Structure formats: structure tokens, C-alpha cells
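Visitor: I have a protein model to look at. Could you guide me through its pockets?
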Amino acid sequence: MRVPLSWLREYVDLPATETGRDVQARLISAGLEVETVEQLGDGLKGPLVVGQVLTIEELEGFKKPIRFCTVDVGQANGTGEPQEIVCGARNFAVGDKVVVVLPGAELPGGFAISARKTYGKTSHGMICSSDELGMGDDGTHGIIVLPPEYEVGTDAIELLQLVDEVLDIAVTPDRGYCLSMRGVARETAIAYGLPLLDPALLDVPAPNAFGHPVKVADPFGCDRFTARTVTGLDPEARSPIWLTRRLQKAGMRPISLAVDITNYVMLELGQPLHAYDRSRVQGTIGVRRAEQGERLTTLDGVTRKLSTDDLVITDDRGPIGLAGVMGGANSEIDDTEGTTTEVVVEAAHFDAVSVARTARRHKLSSEASRRFERGVDPEAASAAAQRTVDLLVLLAGGTAEAGVTEIIAPSAPHTITIPADHPDKVAGVTYGRETVVRRLQQIGCDVYGQDELLVTVPSWRPDLTDPNDLAEEVIRLEGYENLPSTLPRPLPGHGLTERQRLHRRVGRALAGAGYVEALNYPFLGQAALDQLGLDADDPRRTLVTLVNPLSDEEPALRTTLLPGLLGALRRNDGRGSHDLALFETGLVFRPTGEERIPARLPVDRRPSEADLAALDAALPRQPRRAAVVLAGAREQAGWWGKGRPSDWADALQAARVVAGEYGVELTVRAEQHAPWHPGRCAGLYAVVDGAETLVGHAGELHPRVVKAMHLPERTCAAEVELDVLERAGEGVLGAPRISTFPVATQDVALVVDKAVPAADVEAALREGAGELLESVRLFDVYENAEQLGEGRKSLAYALRFRAGDRTLTVDEASAARDAAVALAGERTGAALRG
């Protein structure tokens with residue numbers, strides 16, 4: 001909303017010394033978003049006067065038409081002689097009154113005017129257009145031709161109101177009343193503590209049976225309709241300069257007198273209006289929903305197919321306008337022919353939701369729809385109609401008919417009950433009852449009561465619906481800057497939960513292992529799952545689809561962390577970072593199919609435990625996961641060595657690092673699971689409640705996945721479920737016990753069938769060695785058919801034994817080793833090599 005300061009002063013008697021910047025500061029303090037203050041006419045210096053064209057000589061021989069004019073500027077040039085001016089425009093004639101800038105003047109933008117020779121003539125000044133004076137769009141883009149009544153030599157700066165300040169206010173959706181001079185003036189009056197001259201306080205005649213017939217078939221969509229008729233209009237009448245200049249400063253283009261008046265009243269009072277050519281309206285004006293198959297050509301010349309949800313204005317022929325959005329071309333006032341002498345003025349109040357949906361459905365946003373969407377004062381309709389009639393009578397010489405049509409659907413004012421100290425509790429500041437009542441009365445509320453206030457909300461504030469809205473009004477008018485800064489006082493003993501601490505530990509452990517955290521949006525589409533090569537029946541393809549996604553390509557919530565991480569790896573690799581190790585921890589969303597629509601929670605109290613439980617039951621399962629991806633070198637080459645590339649073992653080790661934070665030892669088994677390579681994929685298991693449970697997978701990605709996602713070769717990844725690890729853990733981790741006694745190391749090489757997992761052999765060694773075993777490590781895998789036999793392999797393990805209370809003897813260590821080997825042989829068929 002553009003608000004000229006000169007227009008604002010008509011409703012609020014601001015001190016003469018107050019500038020636009022001062023008003024901006026006050027309104028911002030009151031909660032309005034005043035983005036800029038435009039200085040109109042900044043740098044403009046006279047003489048700029050009214051002149052009359054005396055002669056026009058057409059100059060020949062140039063690429064474009066050039067005219068040499070003499071213009072009478074009175075005594076403004078100091079001599080009274082005609083001013084000689086060269087001009088290229090052609091929209092004026094001899095005898096026209098024009099705006100002339102004389103040598104010595106300066107136009108906006110630092111454009112100095114002086115006498116200069118051009119096209120073989122000396123031009124002493126310039127005949128001005130609206131663009132050159134910074135007046136805005138006047139619809140012609142040519143020379144300004146003034147009405148004949150203005151005297152030659154009159155100061156055009158004052159006449160055209162070229163110097164002014166305009167406040168540009170970004171009106172938020174809940175402040176629709178500020179899309180009018182009336183609304184902004186009310187906020188200004190409150191901010192300065194001055195009285196408001198309300199332009200809506202007009203004497204309006206009572207409705208009678210003599211007005212233009214109107215029938216409202218949908219009182220919910222249109223709860224108020226006022227119709228007034230003006231006859232005897234002068235079809236040649238044009239908008240006066242003061243009217244067109246105010247429209248231009250407010251950002252609107254002057255069109256014709258009747259249309260300009262309706263736009264002016266809309267800007268003044270916030271009530272959109274429409275003027276119909278009475279001769280083109282047939283019969284009763286109606287308001288109803290559109291019928292199937294109906295069409296309407298709107299004022300922009302577009303023929304639109306109407307929806308049965310559209311609210312339309314009709315006459316006996318059918319639709320003549322989209323209610324609250326735009327009128328129809330079949331009843332518009334046509335000034336090109338100059339035949340409109342009778343006008344029917346419509347001032348109605350339409351349902352905000354209906355107007356908003358219609359405007360979006362037809363992609364037709366207008367000044368009227370913007371206001372109706374945000375809420376228009378229904379009580380201002382009759383005043384706006386009266387103001388329009390008065391201006392038509394004043395400026396177009398019309399006569400107001402005595403008939404007044406007004407249809408009003410029964411309604412009661414909205415009331416809110418609020419404790420007098422509620423704003424104090426919300427703000428943490430003691431305002432007191434008197435301040436609360438005074439501030440609410442300033443915004444137009446009627447307030448009754450003592451400790452419990454009964455507040456009647458004004459008709460122009462449909463955004464005030466509950467006690468917190470009223471509290472906000474008190475707080476903003478008292479000044480947000482006056483709210484003290486206070487730190488919240490947490491209750492003793494509260495802090496991070498055990499689950500949150502574990503989550504943070506995992507992140508720190510992975511960062512310490514050389515991984516960089518990459519946070520990704522939790523959205524994906526079927527294309528990403530196709531790239532991962534998931535089967536059609538894979539549970540990860542069962543998605544939670546969003547009703548209003550940010551992107552149509554990613555309309556669902558993720559079921560795995562890998563697509564986002566692999567996308568981050570691909571982007572970084574494409575930008576030159578080839579040695580990458582990334583990780584992410586977060587939620588995935590796995591629907592069970594048993595979710596149901598949740599009940600709406602109450603806002604007047606804290607939800608009960610049953611309410612929260614029902615809300616949780618309506619949500620999909622959301623397990624926490626951790627994932628890593630690797631590509632490029634894991635160890636850099638240098639003078640210290642050759643380095644090495646990252647491989648599946650690094651991904652596996654990352655999973656072990658995560659499990660270690662929960663005190664869980666993982667069991668590794670060879671598996672086939674997309675998107676991993678079938679021969680380089682490990683299934684990770686942990687014991688949960690006595691049963692071995694899958695935790696996740698790690699390994700090298702399938703080559704087809706690498707190609708589909710444009711990843712570096714041999715990219716590796718791991719993904720584990722943290723909730724399973726938490727259940728497998730033993731609670732708080734204890735500090736490791738460090739023995740002061742030496743370790744006894746025994747190496748064993750066992751020959752087993754190739755199909756036997758190394759994990760099974762390791763498990764048997766651990767169980768057989770007993771409590772003296774400190775650790776077991778596989779340090780070599782050897783295959784040679786000639787030495788070991790066909791289908792056999794050798795697994796070499798380092799067994800570390802230690803006692804907490806003594807130094808072990810060789811016999812004790814050997815006995816433990818033999819027991820371990822015996823159990824491994826019994827369970828897996830392992831035999832000592834050699």
C-alpha cells in the first residue's frame with residue numbers, strides 16, 4: 001500500500017515538521033512494515049509553469065517528426081515573450097495548455113535544463129511529459145495536456161503536486177484494513193496520540209424500495225450489497241488533477257472519471273466498488289454461484305470458463321462480473337464512445353475465502369480481490385457508496401437518485417472474553433487494566449467489565465478472533481521495543497535426554513573418525529528409489545506422500561538416508577572435492593498402513609496424555625538412523641607412503657564406530673541388499689532381547705547404482721538404525737578397565753570351507769576362549785587350492801589374553817587358545833593349518 005503523506009495529513013493533523021521518515025519510524029514501532037519512503041520530486045527545481053501553445057512548425061528532413069513550437073508562459077520567463085521550444089511529441093495542438101520547464105530549472109535525476117541548439121533551431125526549455133516529471137503512469141506516455149481553465153504562468157510544481165513523500169507499506173495478510181488510507185490513518189493517529197478524521201463518517205440515506213432491484217441468492221457469499229444510481233453524468237467530464245495525482249502516487253493508473261472515482265474511494269475507505277453502465281444492465285442485479293458451463297468475458301478481455309464455486313454478479317442475461325475480483329466487459333463503462341450518462345454503483349461485502357479461491361482459480365489477482373481476501377469492513381459499504389455518489393455528482397455533474405438498495409444478512413458483532421491481565425501474562429510486563437482498556441478502545445473495540453473484559457471487535461478487524469490477538473494489539477501499541485529481555489529459567493535437573501546424548505555422541509564419534517556432517521532435506525521421489533535399484537516390493541518404496549510438497553519431483557518423506565547423502569557426495573565431487581567422507585544422522589519415515597487422521601488438538605489448554613498418544617498413533621514410524629558415504633582416498637599419499645582408497649572395510653568400520661558408542665559389538669554377515677554390491681555387502685547384527693536383530697548394512701555400492709547416480713567409482717556406504725542399537729546397548733557405558741598385567745598373544749590359523757562366515761568362526765573362538773580372552777582380531781585371509789584344498793580358505797586370528805589379577809602363564813594362555821580352537825572346530829569344522 002502506497003500512502004502519500006499529503007493525503008494522510010487530511011485525516012490526521014500531523015505536526016508540520018514531521019517528515020515521512022518520522023511517520024515511518026512511528027508506524028514501524030506500531031507493528032507495520034513500512035519498507036521505504038519515496039521522495040517524489042527530489043531534486044526538482046523550477047521554473048516549471050503552465051504554458052499555452054501558440055504556433056507549431058513541422059520541421060522536415062529528419063528521421064523522426066520534429067516540431068518547432070512557440071509557447072506563451074506569461075511572465076515566467078521574465079520577458080513575457082513567447083518561448084521557442086523544439087519538441088518531438090505529437091499529442092498536443094495549437095491552443096493546448098501544457099507544462100513547460102524553462103532554462104535554469106532541474107528535473108528529477110539531476111537533469112539540468114538550458115537553452116541549446118538542436119535540429120537547426122534553438123530550444124529554450126522543454127514541453128514535459130509525465131515520465132520526465134516522475135509522475136507515474138498516466139496511460140498516455142505523451143506530453144501532459146492540461147484542462148483549459150488553468151492560467152498561463154501558473155506554477156506547475158504546486159499544481160501537479162510534484163513534491164511529496166510516499167510511504168510504501170507491506171501489508172501482512174492479517175492487516176487488511178491497512179490497504180486503505182482510513183486504516184493507515186487510524187494507525188498513525190494512535191501512534192501520535194492524535195484524533196482521527198474518519199472519512200467513513202458520512203450521512204447515508206436509509207434504504208428504500210426505489211433503488212435498483214437486487215437479489216442475493218447466496219447470503220453466505222455476499223452478506224451485504226448496496227446499490228446506488230447516479231444519472232445525468234457528463235460523458236465528457238474528466239478526472240481533475242488532484243484525483244489523478246493521488247491515484248498515481250498510490251500506484252494506480254488513471255483510466256476514466258467513473259473508474260477513477262471508484263478506485264479513489266477504494267483507496268480511501270478500503271471498500272472495493274464497481275460502477276456499471278446502467279443502460280447495459282438488463283433487469284435485476286443478482287448474486288449467486290455460477291452454473292455449470294457458464295462463461296464470462298472479464299474487463300481484461302479474457303473469456304473465462306466459470307466454476308460452480310465461483311460467486312458471480314448477474315443480470316437477466318447471466319453473469320456480468322466475478323464477485324470481488326473483476327467486472328465483466330458486457331456492462332463496463334465505455335469512455336471511448338462517451339455515451340455513459342447513468343451509472344449503477346455497487347458496494348458489496350463478499351466472503352474472503354470465496355474471493356481468494358476464485359482469484360487463484362482464474363489466476364486473476366486484482367486490487368479488489370487483494371482487499372477482500374484480507375478482510376473488508378462490511379459496515380463501510382454504504383459509506384463508500386455514498387462517497388462515490390457524492391464525487392460523481394461533484395465532478396461529473398450528475399444527479400443522485402433517491403432510491404437506495406441495501407441488502408444485509410443478519411449477523412451479530414464478534415465478542416471476545418479476556419482476563420484484564422492476560423496481556424500482562426503474555427508479555428511478562430505489567431500493563432494494568434487501564435492501559436489494556438485504553439489500547440483496545442483505540443483500535444475501535446468496545447470494552448466492558450473489570451477483571452474479566454467483554455470486548456466487542458470492530459467490524460474492520462476480522463483478524464481479531466481470540467484473547468491472544470487482543471493481547472498482541474496491546475503489546476504492539478505499547479511498543480515491542482519496551483519489552484524487557486529476560487532469560488527463561490529452566491527447572492533444575494532438566495537437560496538432554498539419554499537418547500539425545502547418545503545421538504550427539506554418535507555425531508562426535510563420526511566426526512572424530514574423519515567424517516563431515518551433511519544435513520539434507522528429508523524429501524525424495526520415486527526416481528531416487530529407482531536409481532538405488534530397489535525392488536518393486538521393497539518396504540522402502542512405501543512412502544509418506546505430502547499433501548503440499550515443496551517440489552513435485554520430491555513429494556514424499558525419505559525412507560532411507562542414502563539418497564540425500566549420495567546427492568551431497570555427487571555435488572561435492574562435481575565441484576572438485578574428490579576425497580569425501582560424509583555422514584548424517586536423522587529420522588526416516590516408514591508407514592505401517594495403520595495410520596489414521598489425527599484429531600485436532602485443543603488450543604485453550606495443554607493436550608492430555610491421551611490426546612498426545614492419539615496424535616502419535618496417527619504418525620508413521622520414524623526410526624532414527626545414521627549413514628555414511630565414502631569416495632576417493634581414505635588415506636592421502638605423500639612422503640610417508642602411497643596412501644589408499646576408501647573401500648567397503650571403511651564403511652564397515654564406520655558402522656562399528658557408531659555401535660561402539662552404544663557399547664554394542666556387531667556381528668557381520670555377507671548379504672545381498674540393494675543398493676550394495678551383492679558380493680561386497682555386509683549385514684550388521686546385534687543381540688536385542690536375546691535374539692540376533694538386523695541393525696543395518698555396509699559395503700560397496702552396486703556399479704549400476706554408481707552409474708545411475710553419477711557417483712565416483714567404488715563409492716561405499718553404510719546405514720544403521722540407532723533405535724535398535726539403543727535397545728541392544730546396556731545403558732550407560734562404563735569406563736574401560738585397564739589392567740596392570742601384561743597381555744599374552746596367541747595366533748591361530750584355521751582352515752575352513754569358503755562358505756563358512758568368518759564371523760561364525762570368531763564367535764566360536766570368543767565363546768571357547770572363556771573370560772581370559774580380551775580381544776580377537778582377524779588379520780589374514782588366505783586361499784590356495786594347492787596348499788589348502790579346493791573350496792577351502794585359511795583365517796588367521798590374533799587372540800589376546802589377560803587376567804585382571806595376575807600374569808598369565810604360558811600354559812594358561814595355551815589352554816585357553818586350545819579350548820577356543822576346539823569349539824571352533826566343533827561348530828564350523830575348522831582345523832589348525834599346518
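This is a predicted model: local features need pLDDT of at least 70, side-chain atom pairs count only at pLDDT 80 or more; totals for chains, interfaces and linings use all residues.

Guide: Residues are numbered from 1 along each chain as its sequence is written, and side-chain values use heavy atoms, without hydrogens and water.

Visitor: How much space lies in the largest pocket?
Guide: A pocket is an open set of points on a 1 Å grid over the protein atoms alone, where a 1.4 Å probe fits, with protein on both sides within 12 Å along at least five of seven lines. Volume is the space filled by probe spheres set on the points. For the largest pocket it is about 1500 Å³.

Visitor: Which strand gives the most to the lining of the largest pocket?
Guide: Lining residues have an atom within 4 Å of a point. Strands are DSSP runs of E, at least two residues long, and helices are runs of H or I, at least four. Suppliers of at least two lining residues include α17 (648–660) and β41 (773–782). The top contributor, with 7 residues, is β37.

Visitor: Which residues lie nearest the centre of the second largest pocket?
Guide: This pocket holds about 940 Å³ of space. Its lining has 38 residues. Nearest the centre lie Ile255, Val259, Asn263, His274 and Leu299.

Visitor: Which helix gives the largest share of the lining of the second largest pocket?
Guide: Both α6 (257–269) and α8 (367–374) supply at least two residues. The largest share is 5 residues, and it comes from α6.
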